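Hi,

Here's the structure I said I'd pass along.

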Amino acid sequence: LHMGKTMKKDLTVVAKCIMQLYPPEFNVFSTYAELYHNYFASQAKKNAESHLEDKDIYLLLSWVHNIYPKDMRKDDVLAEELEKLKLGSLLPSSLSKELEKKYLDSEEATIKNSLSKCLDKEIQRWKEDIEPEKLNGHFQSELLAIFVIQSIYSGQKRAKDISTAVGEELSHRLSKELPAFLKSYKDAFEDFKEKSKKHRYYKPLLIANINNCWNFRDYADKNMAEKDDNKTSILCTLSDIENSGFDVLLQQLFVQLKPIYKKFTENKWDSSNEIMNEIIKTTSKHISDFQTLKDPFYHAIIEKIHARLVKEYIVRLLKRKVSLKTPVQQQNLAQNISKNAADLEAFCTSNGSQATWLNSALPKLAEIIRLQDLGAIKIEVATLATTYPDIRKRHLEAFLYIKANLSRSELKSILGYLADSTMSMLPGGTLFSNINVS
């Protein structure tokens, strides 16, 4: 720093005051500049070849790549004269590359170690008997994401401040660090999830960890290229953490709902409105716990609930427990299903579900039960298959068991129409594909 200040100050005096006192052919400025540069370069080389601490390597590289060529050589007074000279770098290329490698190795190791310690601290916090903090009503442990992202970003910025090339090399080296960290985080989360079920704040901690994923998602979306494999890996790991947490949070609700859904077929759908009210009431009690999720995750879990409620209803319709021979009986059932569907849609929508693709499933099935004209039934089946291309003949055959007044030939005709209408369809929604027909 002292040499740099001296060189800049002295050369400024040469440029402003001394050059004019000599004939141009004396090349006074270039003589001074070369002498100063050579001395400075010899000292830099001497330092580079001695044992340097990491911070000294960083400082020396900053001089070689940044401060010397940019701050000194681009100085308003000196730039024009220095531009005429070919002074070169403060260090030979081979020595500069050697220092860069040392710096990059050290920085990469430091950041790796820092992320590992950060995760250890986070795991330790999970073990404490303390409720996670809330921000804007949402459980969180944001320090984890902030620290990890800041560590990577700061490392990249420091390297970029040396030179663009060094910055790019460190960014390349660190590109796999966030995916690797998140996989370790996922493993730790799974371990906590399985072993800490009796923890006093088990659910709040699950929610805090799901919420943590948002900052990582936001960082990846804003800072990584769409086709980057590391981005794909990051988003995939985050989805695994989120869905794993959702599964645990929803487990108790789905266990409670199963016997309630069985009542539909046990009661031959006679008291379906009361049963649907019970389903909505039971679900509503659980939803209040999910308000501590950040909005994107709250909407995601509500949509999972919405899909499950519709799916379980369809499962009961495919159980072959009810067979109705008269159009009046079928119309009554269709009316009940339509009413249940409307109540279910209103409940899910009012609680934030944006899964509008689910809303037409039950009304379409109700319409198939209501209709008596074979052509009209086929049109409705085609519409259902267009909306839900994952429906298969086995699903429709089980469902049409309800319509006991269909002849074998009519049934075969409808089923054949479904096969024809779905043959060219691409896989779409996944409502029916995960419904097994016994």
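Predicted model: local features only at pLDDT ≥ 70, side-chain atom pairs only at ≥ 80, totals over all residues.

Helix pair first. H6 (residues 142-162) and H7 (residues 164-174) have axes that come within 5 Å and cross at roughly 155 degrees. Angles over 145 degrees count as roughly antiparallel, so that is the label for H6 and H7. The crossing of H6 past H7 is right-handed. On the H6 side, the contact is made by Ile152, Gly155, Gln156, Ala159, Lys160 and Ile162. H7 puts in Thr164, Val166, Gly167, Leu170, Ser171 and Leu174. By type, the residues of this contact split into six nonpolar, five polar and one charged.

Next, Lys231, which sits in helix H10 (residues 229-266). Is Lys231 buried or exposed? Its relative accessible area is 3%, and buried means under 20%, so Lys231 is buried. The Lys231 side chain reaches the backbone oxygen of Met224 at 3.5 Å. Not counting residues up to four places away in sequence, Lys231 touches Ala220, Asp221, Met224, Ala225 and Glu226.

Last one: Ala44, in helix H2 (residues 28-49). Ala44 counts as buried too, because its relative accessibility is 4%. Setting aside neighbours within four places in sequence, Ala44 is in contact with Leu60, Leu90 and Leu91. There's also Val64, 20 residues from Ala44 along the chain, with 8.6 Å between the two C-alpha atoms.

Cheers

Technical notes. Residues numbered from 1 in each chain as written. Heavy atoms only, no water. Helix = DSSP H or I, 4+ residues; strand = E, 2+ residues; numbered from the N terminus. Buried < 20%, exposed > 50% of the residue type's maximum accessible area, 1.4 Å probe, protein only. Polar contact = N/O pair within 3.5 Å; in protein donor to acceptor, adjacent residues only side chain to side chain. Contact = heavy atoms within 4.5 Å. Axes fitted to C-alpha atoms, helices over the stretch in contact; angles between N-to-C directions. Parallel < 35°, antiparallel > 145°, perpendicular 65-115°, else oblique. Left-handed = near helix turned anticlockwise from the far one by under 90°. Nonpolar A, V, L, I, M, F, W, Y, C, P; charged D, E, K, R; others polar.
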